[in-house]
Amino acid sequence: MAPQIDAPQTVEWQGKRVPVWSMQTINYGLLLSQDPAEVDKVLKACLEDGYFYLDLQSIDGRRMLGDQQETLKLMKRFFDAPIEAKNEFGLISSHLGYEPVGSRTGAFGAGTKDGYEMLKVSRDEIQRGSPKVPSPIKNSGDLGVLENTIGSCNTITKVILSALSTGMNLTGAARFENSHRNDRPSTTTLSMMHYLPSDVTGNKKIGHQKHTDISSLTLLFSEQWGLQIRPPGTCGAREMGFVAPKPGCAFVHVGDSLRFASGMKMQSCIHRVVPFNPSEHRYSIAYFLRAEDDTMFVDSEGRYVTAGQWHDEKFKAFTDPWQYQAMAPSSMILGGMKEEGEDDIAGDMAAFEPSPVVAKEPQEEIKEIAVQA
């Protein structure tokens, strides 16, 4: 169970003070060297919280920060293209292709749809060569940017996975990385998301619904506010709170597959994305490292399932209408994670009225960022 923590920083959102949750920061350079103290630190973060910042500002991580910036440029070019060009192939499979705005349930439940469009690129597809990506990318030379980004993300997540194996004293075939081999089929995916302003989507297409990820590890980059998490255990789990963007860092969190593989010892991170500044275009890059398709584990319902089966079942739940989601076991959308309290979805939805951003100076005793959204 996660320990009690000091009173969090807060931010004003929808007319109330909302926590900005603190978390551990892991040094990637030290992790790459298998520094024992850093290995212990990352393992503790995954066991107690299920998430952490990853500092990539050392010489070993700066390449990924550069790849992130190039990917952001690619995303802005791609998402500015006409819908016909973006949707050339549509959604080829659950982890490859383009999803237009409103394909899934939104952040505020019944009656809302998501407020983002997304381009997903399969690592397996890139590795095979001649990937099925829309012409605006293939014809512009941007394919090399995607290859670099996927390569960097894959290396980083494998380093984390190896450190977690070492921290849990796993050996041989039992080590986590041995079910994440590069030459075996998996649904590992780079997803690029563009959240549109509310004056474009309207108030019924908002954010990204509350869930845990299918993945083993998610490596997430976003320079803008909007990501919310619900800490596990006793550290304020009754309330979703924001993750502050941290320069030079990625946000890493545990997904269902690694939680299952650890015998439920690790925490799968409950999170969602909401409009923090409804007037802005928000961009995020997520690398979902997933286990090989035929990897077997016991899920939160006690079933023996493969990683591929879990992916397909949960992806269907993500894309089902909210009426069907409501009938599905909570173990599907939330990966079996328990919530200490429920969001006031109706209240949140009623309070959501897009308005200009108004910032205040932070106070000394508790740093606060005042934003009305």
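Predicted model: local features only at pLDDT ≥ 70, side-chain atom pairs only at ≥ 80, totals over all residues.
1. A residue counts as buried when its relative accessible area is under 20%. Among the residues of helix 10, Ala307, Gly308, Trp310, His311, Lys314, Phe315, Ala317 and Phe318 are buried.

2. Now the helix itself. Helix 10 covers residues 307–319, which makes 13 residues. From first C-alpha to last, helix 10 reaches 18 Å, close to the 18 Å expected at 1.5 Å a residue. An α-helix has 3.6 residues a turn, so residues three or four places apart point the same way. Check the buried positions against that rule: Trp310, Lys314 and Phe318 are among them.

3. Next, the cavities. There are five of 30 Å³ or more. The largest cavity has a volume of about 340 Å³. Its lining counts 29 residues, and Met193, His208, His211, Asp213 and Phe288 lie nearest the centre. By class, the lining has twelve nonpolar, eleven polar and six charged residues.

4. The second largest cavity has a volume of about 160 Å³. It is lined by 18 residues, with Tyr195, Leu196, Val274, Pro275 and Pro278 nearest its centre. Ten of the lining residues are nonpolar, five polar and three charged.

5. Last, an open site. The second largest pocket has a volume of about 260 Å³. Of its 19 lining residues, Ser222, Glu223, Pro245, Lys246 and Cys249 are the closest to its centre. Helix 3, strand 10 and strand 13 each give two or more residues to the lining. Strand 13 gives the most, with three. The lining has twelve nonpolar, four polar and three charged residues.

Terms used
Residues numbered from 1 in each chain as written. Heavy atoms only, no water. Helix = DSSP H or I, 4+ residues; strand = E, 2+ residues; numbered from the N terminus. Expected span 1.5 Å × (residues − 1). Buried < 20%, exposed > 50% of the residue type's maximum accessible area, 1.4 Å probe, protein only. 1 Å grid on protein atoms, 1.4 Å probe; cavity = no way out; pocket = protein on both sides within 12 Å on 5 of 7 lines; lining within 4 Å. Points joined across faces, edges and corners; volume = space filled by probe spheres on them. Nonpolar A, V, L, I, M, F, W, Y, C, P; charged D, E, K, R; others polar.
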